[in-house]
Amino acid sequence: MATILTVDDSTSMRQMVSFTLKQSGFDVVEAADGAEGLQKAQSSRFNLVITDVNMPKMDGITLVKELRALPAYKFTPILLLTTEAGIEKKKEGKEAGATGWLVKPFNPDQLLSTIKKVLG
Amino acid sequence: MGIDLSQFHETFLEESFEGLDVMESSLLNLDAGESDSETVNTIFRSAHSIKGGSATFGFDNVATFTHVLETLLDEVRSGDRDVTQDIVNALLESVDCVRNMLEAQRDNSNYDEAQVKAVQTRLEAILGNDEVSEETTDVAEESNSSNGWLIDFKPHLNMIQTGNDPVRIIRELESIGVISVKANLEKLPDLAEMNAEDCYLSWEIELYSDVDESAIREIFEWVEDECDLNIKPLQTEVAAQEIKSVDSPSIKTEVKPEVEVVNKNEESVQNKATPARTKSTGEGGSIRVGIDKVDELINLVGELVITQSMLGEMGQNFESSNIEKMMDGLSQLERHTRELQESVMRIRMLPISFAFNRFPRLVHDLSSKLGKKIELKLSGESTELDKTVMEKIGDPLVHLVRNSLDHGLETPDIRLAAGKPETGILHLNAYHKGGNIIIEITDDGAGLNKDRIRAKAISNGLITESEVLTDEKIYDLIFQPGFSTAEAVSDLSGRGVGMDVVRRNIRELGGAVDIVSSEGKGSTITIRLPLTLAIMDGQLVRVGKETYIIPIVSIIESLQAKKESINKIVDHAEVYKLRDEYINIVRLYETFDLVPDSTDVSNGLLVMVEGEGSKIGLFVDELLGQQQVVIKSLETNYRRIEGVSGATILGDGTVAMILDVAGLVVLSRAKTSVNEDKVA
């Protein structure tokens, strides 16, 4: 089964995402900010990265850029979790190399169907 | 799938309260003119997380409110709006509102909806009501549907480099209707020229479905800038034809089997979903523990298991030659047990910043209310303290800080007239000292006025006109019940809940509070607290056949009583002359109705202890060892007993009572009401 990295500074959101994914049989690794996420992504391989946008230390957009610069993550799906309904953040995320996004609030079912779009 | 989101509520509430604290302290920094972008970002991030979480976990009232809050913060963050005092105050009030709403959620209680509404209106007024609700704008999209759609999908070369896969998108289209797909290979170069990272294919997709165009656009949402997409309605007759025969001469991609695989996955997903968990009640509370502390525990438990199995093996066929090895093993066991105990205790320890954090706001609000200029200094915030002690010290600390603000620190004009800087300083400090935590509250205010305290104490009948008291004793008077010197009963303090309550609360925690002051220069209140309530260092003593435990912190010294120093006074009371002091003797065997080895004080030992500001000498038969004891409550297991604060279980399994020194002092006072000048 695929291994997923979930990056979010909010513990409850991270727990929710992680719990939902684990229930579906995915292996999940958590990181509390972009910097930690990048470091974890470098030390092991993930099939999918799900990251929050607004985080301390390193935000989600920067994390996407950093990941895309790594050969190992050139094609890896990266999803942004965003509350910004505005087009701006999504565009910024896409330009940074994000695969897609999921708008908060979302429920576990929405999360899983979004993931199905990028992981078979 | 049936995931019960309420299992995350506790975590969400906990992190939200932390977020609110961060917002509050950052806002107070902004207030001080420190409007750097990182501070604003931090505030925004906290509000943003609370909004996202509350919407996700179904706290809609919080989500609605924080949405407005976030909009304002976003304008501040992007520089569209300057930080004014008005905005800071409105934001601080918002923090209170959100906190109230979340507390109501946590405690299953109500909050002041009118207040929330008022603050929300205020925020909206600042925003100028120019915020059009965003959600309503994209509703009016074209809703023309047809029998089907012809989708011309030409990915750009770099599309797969963002992790998007055209085949997956096509597969998703199949979930909303029947599709027929033609791949266009025109742009496919020779193998030698092909770049594996580029996407050369394009597709023409016929979708037979009655969905709206918007539903199709949604599927392509992530890639709309990375492809050329053309969607148009299918001609009706073409649609009918194609449904009958999906064969066409061009290359076709058959996606159906894969879709079935996906469906199977979905099924297994649903089967694995656990039944909804029972709702967590939130009672008992929780603490966040650093992973390093948990690792340490696991490590220690591992060591214990190893030692235990080593000893177990030795015990199976024990030879006397192994005795040394066994002693080694036992001492190892002892060491690990002690380390384990210390680690477990550390889990309950939190930095005192948790208690200190509320003061910046308190000082900010009160100083403006009182028209005073006050700078709050915090130090030693990382000093750790047991969670229970921390919770119980919160209110006394607030009381003491309010007192300093209200009575201690002066208004700017008085300060200037006294030749002091306009801004007063209130300093909260914490540090560890010999198994205790010391908290100091220092102000550079007016200090205590000895004459006024004296006069007040005389008028309250606490002392007589003729009594001569040391400075220490005078300051101590303010901790007496019913004492208050504030001339005007203010909104803040001096409402009868006095320093006596503060002292009593601190004593209940096994701590002490005292004050030193210098008139015109300020005061320092020092609180001494045990690091934990669960374990203490005890001195074991024997009275007759019983073993008692005296808290080591309260012992001054132990001595063999000299006959000539024992004085009998009226009412059967006895005092012991120690250097220049006369100390009441308490015969423990009388207090607890026991048969002692000897009833003659000079045959036993006197343990001098201090509590409630007085010393007493406890008459015991023998001093036993000293050891750390785990305190068990007597009240929850039996009932309250005068002179006993709790019980513990000794190594041999017997129960020993822990003496309540302060209680014994009060008992002895009641019994003798002795005065030093009555001594013969």
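Analyst: Gladly, starting with chain A. Among its contacts between residues at least 6 apart in sequence, 59% join residues at least 24 apart. A contact here means that the C-beta atoms of two residues, placed from the backbone, lie within 7 Å. The model is predicted, so local features need pLDDT of at least 70 and side-chain atom pairs count only at pLDDT 80 or more, while totals for chains, interfaces and linings use all residues. Residues are numbered from 1 along each chain as its sequence is written, chains are lettered from A and ligands numbered from 1 in the order in which they are written.

User: How many helices and strands are in chain A?

Analyst: Chain A has 5 helices and 5 strands, and from the N terminus on they follow the order β-α-β-α-β-α-β-α-β-α. Of the 120 residues in chain A, 51% are buried.

User: Why is H2(A) called roughly parallel to H3(A)?

Analyst: Helix H2 (residues 34–43) and helix H3 (residues 60–68) of chain A pack at about 20°, with their axes 9 Å apart. Angles under 35 degrees count as roughly parallel, over 145 as roughly antiparallel, 65 to 115 as roughly perpendicular and the rest as oblique, so H2(A) is roughly parallel to H3(A). The axes are lines fitted to C-alpha atoms over the stretch in contact, and angles run from 0 to 180 degrees between N-to-C directions. Residues making the contact include A:Leu38 and A:Ala41 of H2(A) and A:Leu63 and A:Leu67 of H3(A).

User: What makes B:Lys392 buried, exposed or partly exposed?

Analyst: The count for B:Lys392 is 18 other C-beta atoms within 10 Å. A residue is buried with 20 or more such atoms, exposed with 12 or fewer, and partly exposed in between, with C-beta atoms placed from the backbone. B:Lys392 is therefore partly exposed. B:Lys392 belongs to helix H14 (residues 387–408) of chain B. Leaving out residues up to four places away in sequence, B:Lys392 touches B:Asn505 and B:Leu509.

User: What is the largest nonpolar core, and which residues have the most contacts inside it?

Analyst: A nonpolar core is a set of buried Ala, Val, Leu, Ile, Met, Phe, Trp, Tyr and Cys residues joined through C-beta atoms within 7 Å. The largest one has 63 residues, and those with the most contacts inside it are A:Val49, A:Leu67, B:Val62, B:Phe65 and B:Val98. Its largest share, 8 residues, comes from helix H3 (residues 60–77) of chain B. Beyond neighbours within four places in sequence, B:Val62 is in contact with B:Ile50, B:Ser54, B:Val98, B:Met101 and B:Leu102. In soluble globular proteins, nonpolar side chains tend to be buried together.

User: How many residues does each chain give to the contact?

Analyst: Chain B gives 30 residues and chain A gives 36. On the side of chain B that touches chain A, the largest share, 8 residues, comes from H2(B). That side divides into 11 nonpolar, 11 polar and 8 charged residues. Here Ala, Val, Leu, Ile, Met, Phe, Trp, Tyr, Cys and Pro count as nonpolar, Asp, Glu, Lys and Arg as charged, and the others, Gly among them, as polar.

Definitions and conventions. Helices (H or I, at least four residues) and strands (E, at least two) are DSSP runs, numbered from the N terminus.
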